[in-house]
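Subject: Structure for your review

Dear colleague,

Please find the structure below, handed over for your own work.

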Amino acid sequence: MGRMTSKGALPTGVLIGRLVMLLAAASALIVSIGLSHGYDRSSTGASAQQQWRCPMHPQVVSTVPGDCPICNMALERVSELKQPETIVPTVRSIEEVKRRVVAQTVRAPAWVGPDGVVTAVVHKEALEGVRSGEHAVFFRNDEPAAGISVRRTSEPTTPWDPATAQARFVADTGWLELDAKPQELLVVPESSVLYSAEGAYVLAAPAGGHAFSRRTIQVGRILDSGYVADRAAERTGGIVVLSGLSEGERVVSADAFVLDAERRLRAAQGKTEEVVE
């Protein structure tokens with residue numbers, strides 16, 4: 001039979017076991033209280049940092065999870081204290097800003113106004129250094145290969161937009177070229193026309209006549225050689241006669257200067273001035 005204690009007293013082993021269990025429970029309570037406080041501190045700090053934001057609408061921000069009221073997408077958790085990511089460019093993506101010498105032909109829209117002045121819309125920096133009287137070339141849309149020489153006027157530029165301005169140009173002095181059109185003109189060889197202080201003249205004879213005398217004429221433009229098909233092989237050009245001759249009359253075309261000198265000499269001697277064929 002086991003050892004008996006006094007009536008009503010618990011065995012010693014039971015007391016020791018209960019004491020151990022009580023100490024273990026107390027230790028667990030202390031540890032749990034410490035962990036609880038630590039968790040509370042960490043969770044409080046975390047909740048203060050956490051936010052939820054819509055990936056499509058960054059203006060939608062919430063402190064609790066949910067859906068975006070605009071697009072119904074799930075909000076994504078972000079941190080208020082999250083540091084922005086730093087983008088580090090490579091060396092090749094960095095270039096120093098410099099002033100450079102640019103030499104490039106400038107083309108700009110332009111038009112001719114009622115006053116005949118050409119107005120062009122040019123970038124402002126392209127007009128820097130373009131002084132009054134400086135030359136340019138104007139091209140019409142219907143004749144893009146035919147350039148017209150113009151020069152800048154002294155008028156100040158007029159702003160067109162923040163980057164461009166209107167500049168005005170006038171046609172420069174030069175040559176005007178018209179398309180060739182068939183015309184019937186009275187023409188004599190260039191070698192037949194002589195000149196004096198009184199103007200141009202020829203040694204002419206009436207149609208069918210053989211006596212040539214001085215005839216004052218009014219001339220037009222000088223034509224190049226080959227100005228008509230039947231004279232294409234000739235080297236001498238022609239001169240348009242505006243008045244003083246009629247079609248069918250005859251003129252001296254070869255040695256006209258020599259024959260005219262002889263005619264004047266005979267006139268000085270009181271002889272006839274006519275040159276007879």
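**Strand pairing and sheet**

Strands β14 and β15 run antiparallel and are joined by four bridges, where strands (E, at least two residues) and helices (H or I, at least four) are DSSP runs numbered from the N terminus, and two strands pair if DSSP finds at least two bridges between them. This is a predicted model, in which local features need pLDDT of at least 70 and side-chain atom pairs count only at pLDDT 80 or more, while totals for chains, interfaces and linings use all residues. Residues are numbered from 1 along each chain as its sequence is written, and side-chain values use heavy atoms, with hydrogens and water left out.

The open sheet has three strands in the order β10-β15-β14, with antiparallel pairing. Its edge strands are β10 (187-189) and β14 (218-223), each of which pairs on one side only. From one strand to the next the twist averages 35°, with axes being lines fitted to C-alpha atoms (for helices over the stretch in contact) and angles running from 0 to 180 degrees between N-to-C directions. Leu223 stands opposite Gly238 in β15.

**Cysteines**

A search of the whole structure finds zero disulfides, a disulfide being a pair of cysteine sulfur atoms within 2.5 Å. Cys54 has its closest cysteine sulfur in Cys68, and because the separation is 3.6 Å, the two are too far apart for a bond. Cys54 is buried at 2% relative accessible area (buried means under 20%, exposed over 50% and partly exposed in between, with a 1.4 Å probe and protein chains only), and Cys68 is likewise buried, at 1%.

**Salt bridges**

The whole structure holds seven salt bridges, each being a side-chain nitrogen of Lys or Arg within 4 Å of a carboxyl oxygen of Asp or Glu. In one of them Asp142 pairs with Arg140, the closest N and O atoms being 3.5 Å apart; Asp142 is exposed at 57%, whereas Arg140 is partly exposed at 41%.

Another salt bridge brings together the side chains of Glu198 and Arg214 (3.7 Å, N to O). This pair links distant parts of the chain, 16 residues apart, with Glu198 in the loop between β11 (194-196) and β12 (199-205) and Arg214 in strand β13 (residues 211-216). Glu198 counts as exposed at 64%, and Arg214 as partly exposed at 34%.

Asp260 and Arg264 also meet in a salt bridge (3.3 Å, N to O); they are separated by about one helical turn because they lie four residues apart in helix α3 (residues 256-268). Asp260 is buried at 1%, while Arg264 is partly exposed at 42%. Finally, Asp115, Glu155 and Arg168 are linked in a network of salt bridges.

**Around Glu249**

Glu249 lies in the loop between β15 (238-243) and β16 (250-251) and counts as partly exposed, at 26% relative accessibility. Leaving aside neighbours within four places in sequence, Glu249 is in contact (heavy atoms within 4.5 Å) with Ala205, Pro206, Ala207, Arg215 and Gly244. The C-alpha atoms of Glu249 and Ala205 are 6.1 Å apart, although 44 residues separate them along the chain.

The side chains of Glu249 and Arg215 are joined by a polar contact of 3.1 Å, that is, a pair of N or O atoms within 3.5 Å in which, within protein, one must be able to donate a hydrogen and the other to accept it, residues adjacent in sequence counting only if both atoms are side-chain atoms. The Glu249 side chain also reaches the backbone nitrogen of Ser246, at 2.8 Å.
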